[in-house]
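Trainee: Could you go through this structure with me? I would like to start with how the helices cross.
Mentor: Fine, have a look at it here.

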Amino acid sequence: MVNSSQFPYFILTAYLDMGYLKYLYFVIVLFLYIVIVFANAFLIVTICMKRSLHEPMYVFLCSLLVNQLYGSAGLFPFLLLQIPSDTHTISRSMCFLQIYCLYTYASVEFCNLAVMSYDRYLAICCPLHYKARLTSNKVALLIALIWLYSLIKFIIPLCLNLRLTLCGNVTDRLYCHNYHVVKLACSVTTVNNIYGLFATFLTVFVPLIPILFSYIKILRVCVVGSKETRQKAVSTCTPHIASLINFSFGCCFEIFQSRFNMTGVPRIIRIVLSLYFLTIQPVFNPIIYGLRLSKIRQMCRNQFCCQKL
């Protein structure tokens, strides 16, 4: 049995032999990262600077955008270092840090989307009690709970991983993934596997409860409500539903790819889809919310017009 202390780094074998195309991919990834940082930061600053946007829906959106910058920071700088490199390795400590960052990003994203669905439920189904139920203090408390819950929850699998004795350091991934690191272990991983499934359940299905509850209530109100109520529901819920579906698709494929044999899927498709929830969501959300929410769209238009003048 080989002790894990003999493996100070992991070797990532999912990077294809790209030749000189690696410089093109480097430019594409760099451009995508710049777009993500600019788009998300621009909306965050707009929401923070404009008092008319200091409403629960936009504050929760701001938290969502901050999380996307956080998740992107855990992946893109690493990809930009790896793509032009001839050797694709990552130190043991940085690998575990990346796992923690990306997993907490996914948890915060789902929890934030769950709270946003509850916000839409109150706004559409209980408009007269909306401000009383979602005060600024309650909004701040909900956001704090989202982040603390996610950041604390993944300390446990991190500690479980650190105690493992590894028999290898080669993983067929573009970045560090918790389950693939656990599969390299020589020691018993029963506790890791059980808690991994439990953490996945907490991350995906627990936020799903308030989401389903909220949209069942909203759908019921839309069926019996006026045309104005339906229009309000469609205009404010469409970005949230689109964001939720988009992120869920990426996460589901990543879970299936980790837990099941996906060798029947072409390698390049597996690589692209493994990056989907980490790369597309941070671009998708600023666009869909910026285009669909009239207040943000108007504020952004005003910002650009002022700059031109």
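Mentor: Helix 2 and helix 6 cross in a right-handed way. Keep in mind that this is a predicted model.

Trainee: At what angle do helix 2 and helix 6 cross, and how close do their axes come?

Mentor: The crossing angle is roughly 25°, and the axes come within 10 Å. Helix 2 covers residues 56–73. Because of that angle, helix 2 counts as roughly parallel to helix 6.

Trainee: Which residues meet there?

Mentor: From helix 2 there are Pro-56, Val-59, Phe-60, Ser-63, Val-66, Asn-67 and Tyr-70. Their partners in helix 6 are Val-139, Leu-142, Ile-143, Trp-147 and Leu-151. Sorted by class, this contact of helix 2 with helix 6 has 10 nonpolar and 2 polar residues, and no charged ones.

Trainee: And helix 4 with helix 6, at what angle do they pack?

Mentor: About 150°, with the axes 9 Å apart. Helix 4 spans residues 92–125, and helix 6 spans residues 136–153. That angle is why helix 4 is described as roughly antiparallel to helix 6. The crossing of helix 4 and helix 6 is right-handed.

Trainee: Which residues of helix 4 meet helix 6?

Mentor: On the helix 4 side they are Tyr-100, Thr-104, Ser-107, Val-108, Cys-111, Asn-112 and Val-115. On the helix 6 side they are Leu-142, Ile-146, Trp-147, Tyr-149, Ser-150, Leu-151, Ile-152 and Lys-153. The classes in the contact of helix 4 with helix 6 are 10 nonpolar, 4 polar and 1 charged.

Trainee: What about helix 4 and helix 10, what is the hand of that crossing?

Mentor: Helix 4 and helix 10 cross in a left-handed way. Among the residues in that contact are Tyr-105, Glu-109, Phe-110, Arg-120 and Ala-123 of helix 4, and Lys-232, His-240, Phe-247 and Cys-251 of helix 10. The contact of helix 4 with helix 10 divides into 12 nonpolar, 6 polar and 3 charged residues.

Trainee: How do the axes of helix 4 and helix 10 run?

Mentor: They cross at roughly 165° and come within 11 Å, with helix 10 made of residues 227–259. Helix 4 and helix 10 are therefore roughly antiparallel to each other.

Trainee: Is Ala-123 buried or exposed?

Mentor: Ala-123 is buried, because its relative accessibility is 7% and the cut-off for buried is under 20%. Ala-123 belongs to helix 4. Leaving out residues up to four places away in sequence, Ala-123 touches Tyr-130 and Lys-232. Its C-alpha atom and that of Lys-138, 15 residues apart along the chain, are separated by 15 Å.

Trainee: New topic. How many residues are in the largest nonpolar core?

Mentor: It has 80 residues, and those with the most contacts inside it are Ile-47, Leu-61, Tyr-175, Ile-218 and Phe-277. Helix 4 supplies the largest share of this core, 17 residues.

Trainee: What does Phe-277 touch?

Mentor: Setting aside residues up to four places away in sequence, Phe-277 touches Tyr-105, Ala-106, Tyr-175, Phe-247, Gly-250, Cys-251, Glu-254 and Pro-282. There is also a second, separate core of 5 residues, including Tyr-100, Phe-154, Tyr-195 and Ala-199.

Trainee: Where does Val-221 lie?

Mentor: Val-221 is in helix 9, residues 190–224. Val-221 counts as partly exposed because its relative accessible area is 23%. Not counting residues up to four places away in sequence, Val-221 touches Ile-124, Cys-125 and Thr-229. The C-alpha atoms of Val-221 and Lys-131 are 90 residues apart along the chain and separated by 19 Å.

Trainee: Last one. Which helix holds Leu-24?

Mentor: Leu-24 is in helix 1, residues 21–49. With a relative accessible area of 45%, Leu-24 is partly exposed.

Definitions and conventions: Residues numbered from 1 in each chain as written. Predicted model: local features only at pLDDT ≥ 70, side-chain atom pairs only at ≥ 80, totals over all residues. Heavy atoms only, no water. Axes fitted to C-alpha atoms, helices over the stretch in contact; angles between N-to-C directions. Helix = DSSP H or I, 4+ residues; strand = E, 2+ residues; numbered from the N terminus. Parallel < 35°, antiparallel > 145°, perpendicular 65-115°, else oblique. Left-handed = near helix turned anticlockwise from the far one by under 90°. Contact = heavy atoms within 4.5 Å. Nonpolar A, V, L, I, M, F, W, Y, C, P; charged D, E, K, R; others polar. Core = buried A, V, L, I, M, F, W, Y, C linked by side-chain atoms within 4.5 Å. Buried < 20%, exposed > 50% of the residue type's maximum accessible area, 1.4 Å probe, protein only.
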